[in-house]
Amino acid sequence: MTSAALKPEKSPKAPAVPDEEPLYAARRAIYPQSVHGRLRTTKWVLLILTLGIYYLLPFVRWDRGPNAPDQAVLIDFPTRRFYFFFIEIWPQEFYYVAGLLILAALILFLMNAVAGRVWCGYLCPQTVWTDLFLTVERWIEGDRREHMKSDAGPWTLEKVTKKVLKHSVWLLIAWWTGGAWVLYFADAPTLVKELVTFQGSTVAYASIAVLTFTTYTLAGHMREQVCTYMCPWPRIQAALTDEYALNVTYRYDRGEPRGSVKKAALAREAGRKAGDCVDCNQCVNVCPTGVDIREGMQLACIQCGLCIDACNNIMDKINRPRGLIAYESEANLEARIAGKPPVRRIVRARTVLYAALIAFIGLGMLYTLVGRSDEGIAAIHDRNPVFVRLSDGSLRNAYTIRLINKKLEDRRFQLSVDGLPGAQLSVVGVESGTDGEVISIGPDQTREVRVLVTHQGKLASGASIPVTFRIRDMVTGATASTADHFIGP
Amino acid sequence: MSTSHESHHAPVDGAGGPSTTGHEWDGIQELNNPLPRWWLWTFYATIIWAFGYWVAYPAWPLVSNYTSGVLGWNSRSAVVEQISDLQKLRAASSAKLANVPLEDIEKNPELLSLARAEGKVAFADNCAPCHGAGGGGAKGFPNLNDDDWLWGGTLAQIQQTITHGIRSGDDEGHQGNMLAFGSILSKADISNVADYVRSLSGAAPGDTPAAKKGAEIFAANCATCHGENGKGNQELGSKNLTDGIWLYGGDKATIVQTITNGRGGVMPAWGPRLSPTTIKALTVYVHTLGGGQ
Ligand code: SF4
Ligand code: SF4
C-alpha cells in the first residue's frame, strides 16, 4: 500500500462532507472541452474507422455465385447461415462464433494487462458513440465555455433552436445506428428499399426503434453513467489488472506540490521542490467522465488519454517536459520515486499466457477452417428396435443418415458401408441404380435419409461390429465418412 | 453516545472524500458513495410497472380462482393461438401431402421427407405407446420395422389398418380371432401341435413322433386359417408360422398358451381421430421404416 501513502492530497476544491450525506445524487452535468493531440487524433481515426465499418459493411458485396446471397457479411436466420466474406458458417459450426467470443475476451484481457482499459477509452461502442454525440453537441451548442454559459442562461429562441437541432441530429444518428444493425440480417439494398417504402417487416422496424432509443439514450443522455454504474467491465478489469499494466496516470511525484508557473520558478530558485502541475484544471475540463485524474486511479476513468493530450499542451506552453500525465505503470512510478531504474515489463506471466491462449485458439480455428470440407455425413443408429430379424432370417440395422453439401451446386454422392462383408445397403426412397446407392443433394443443403443395412448369415451373439459409412462425390471423388456399429442379437 | 459534531460521521476517505461505511476487507474500504438518482427513479418505475402488470395480466391468486387481468391474456389461449399459427404455417406443406396420391409421395424426395417428418411426430404421439418409439414393437404388439405383416404391408393395406384398426369395433376394420383350442383339443394334442408349429420355422426338429402327430392335427384344425404349409393369410390376419418372427413369443410354453386360449389383439381405428393427411403421413412413415411391401 505504498502508493496509497504517497497519494496526493485530495483537491482542496472538493466539497467537504455535509452533515447529512444524500443517499442519491443527481447527475452532475459534464461539459468536456475539446482538445488536440496525439491521442485525440488516434481517437478520431478509430472513430471514423469503426463507425465507417459498422455503417457501411452491409453494403459491401461478395459474389458467391447464383445460389447464395452476395452480401459480404450476412447473418441469415431463415436459412441459418452466417456469411463472412469467403467463410460460410453453418449452424453446427457455431463453435466458430463461440471461439471468436473467447478470442475477443482473451484479447480484451491481454489489452488490459498491457495497457489497462484501452478498450474502454478507444474502442468501446459506448465511448465511440458518446464521442460522436459530443462532437455533434459541440458543433451545435459550442465548446465547454459557450455551452455552459448557454445552459446557465435563460431560454432564448436561439437556445431552443440549437437544442432542437442537436436532439434531431442525435436521433438521426441513433436511427441510422439501428438501421445499420438490421442490414446485417438481410440483403442490405433490398431491405433499405423495403424500409423506405414501408414494406419492411415489423421485426425490422421494431429493432430499429429499439436501437434508436437505446443509442439516443445511452450515447446522448447516459454517457459516462453507463461506464460508471452499468458496465461490469470496470469491476472485472480492476480484478484482472496488476502493477505492470500501463494506465493513464498523473505522475504526482513530478506534479506536486502544485502551483503557478511563477511560484514554481521561485521555489526552484530557492532550492525547494516545485511540482510541474500548474493546477490549470485542463485535464479535468477535457475529461468526458468528469474525473480528476490527479486523485489517482479511479473507476470512472475510462483511460481515453484525453487528459494526457490536454496536459501535454500545457507542458509545451510552460516549457516543461511532456508526460506529467501519461500511460504509466504503478511499478514504474514507485521505482522512480524510490530512485530505482525504470520498470518496463510487458512480457510477464499473464501477458505470455494470454498471448499463448490467443495464438492457440486462433490457430486452432484457422486450422479447422482451412481443413474443413464441403461435404459431411452423420449417422444415428435406430434405437427401437436396435436390430430387426427378417422373414428369411437375415439381420437388419437401420440408420438415419444426414448428408451435408456445402457447395453451392447440386451434387450426387455414392453411399457405401465398410466393415461388414456381404452386407446389403439400401436407402429408403432412393432407387438404386448401376452406381449403387446414389443420393443427390441440392446446393448448400442437407438431406436426411433412412438407410437399411442387411446382413445375411450368422453373427456371434451380442455382436456389435464397427462399420463405416462413406460418401463419395460422383464428380470430384471427394469423400467423407462416419463411424457406427452394426448390432446383432 | 457522544453528542459531539464530529462523531456523527463515519470515517471519511481522505480530506473531502466520501465517508466510508466502516467496513474493511484486507485493507480495502467500502466507500459510502451515493447512488445516482436515476437509479432510484428506475426502481420506482419498476414498482409502477408491477402495479400495471397486476391489472393487465393474471396475477393474484384468489380462494378458488385468480385475478385474470383486463387484457384477458392467459397461457392457455396463447398456446391455442400458437397452434393455429403453426397450422397456418404448415398449411402449404400439408396441402401438398393431401393432394398427392399416397403411392406417389415416396417418389418425391421432398414429399417423402415431409411425410416422414410429420409421420414421425404423429407416430410418437399416437402409436409409440404400443409399438415403441421407433416402431420396434413389444410382446403382442407387432414390430413395424420387419417384413412380417399380419394384415399386409403395402401402402394401401397399412393405410386401411391405421384408419379402421383391428377388432376395433369399426365396421371396416380387420376382424377375426384366433380360436381358443383349449376346449377343442386335448392337452397332449396341443403340445404336439406346438411342437409341429415350432418345427415350421426350424426352431424345433420336425421328425419327432410328437411333431408328426401335430402335423395331422394342424392340417385338420389350423390349416384353414394358417394355410396348409403354415404360411398364414393376410386376408384373415393369420400369422405366417414359418418365418421365425413371433408376435407373442416362439417358445413352447407361449405357443401352447396361444393355442389353448387363442389370441385377438386390438388396434384402435385412427380414422375418427386423425386427419386423412396425418394418416397418409403415418402410412408413409410406417411403410418406410423398412418393411414396406
Ligand atoms: S492539465 Fe496538467 S498542469 Fe493542468 S491541472 Fe491537469 S495535471 Fe496539472
Ligand atoms: S481521467 Fe483522463 S483518461 Fe480518464 S477518462 Fe478522464 S480524460 Fe480520459
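Let's start with the surface that domain 1 and domain 2 of chain A share: between them they bury about 580 Å², and 58% of that is on carbon and sulfur atoms. Keep in mind, please, that this is a predicted model.

Which residues of domain 1 of chain A lose the most area to domain 2 of chain A? They are Asn67(A), Glu88(A) and Trp90(A), and together they make up 75% of what that side buries.

Where are these domains in the sequence? The assignment for chain A puts domain 1 at 26–91 + 125–226, in two pieces, and domain 2 at 375–487. In the contact between them, domain 1 of chain A supplies 7 residues and domain 2 of chain A supplies 9 residues. If you take the centres of the two domains over C-alpha atoms, they are 52 Å apart.

Now let's look at charges across that interface. Side chains of opposite charge can pair when their charged atoms come close. Between domain 1 and domain 2 of chain A, the count is 1 salt bridge. On the side of domain 1 of chain A that touches domain 2 of chain A, you'll find 3 nonpolar, 1 polar and 3 charged residues. As for polar contacts, 1 residue pair turns up across this interface, with both residues at pLDDT 80 or more.

Here is a salt bridge you can find in the picture: Arg81(A) pairs with Asp444(A), and their closest N and O atoms are 3.2 Å apart.

How many salt bridges does the structure hold over all chains? The total is 41. One that I'd like you to look at joins Lys163(A) and Glu141(A), at 3.0 Å from N to O. Lys163(A) belongs to helix 7 (residues 157–183) of chain A, while Glu141(A) belongs to helix 5 (residues 125–141) of chain A, so this pair ties together parts that are 22 residues apart in sequence.

Over to chain B, where UniProt gives us some labels.

One more label to finish with: UniProt lists residues 43–63 of chain B as a "transmembrane region". Over residues 43–63, chain B is 67% helix and 0% strand in this model, and the end C-alpha atoms are 31 Å apart.

How values were computed. Residues numbered from 1 in each chain as written. Chains lettered and ligands numbered in written order. Predicted model: local features only at pLDDT ≥ 70, side-chain atom pairs only at ≥ 80, totals over all residues. Heavy atoms only, no water. Domains from an automatic or database assignment. Contact = heavy atoms within 4.5 Å. Buried area = accessible area lost by both parts, 1.4 Å probe. Salt bridge = Lys/Arg side-chain N within 4 Å of Asp/Glu carboxyl O. Polar contact = N/O pair within 3.5 Å; in protein donor to acceptor, adjacent residues only side chain to side chain. Nonpolar A, V, L, I, M, F, W, Y, C, P; charged D, E, K, R; others polar. Helix = DSSP H or I, 4+ residues; strand = E, 2+ residues; numbered from the N terminus. UniProt positions renumbered as here; feature names shortened; annotations may be inferred.
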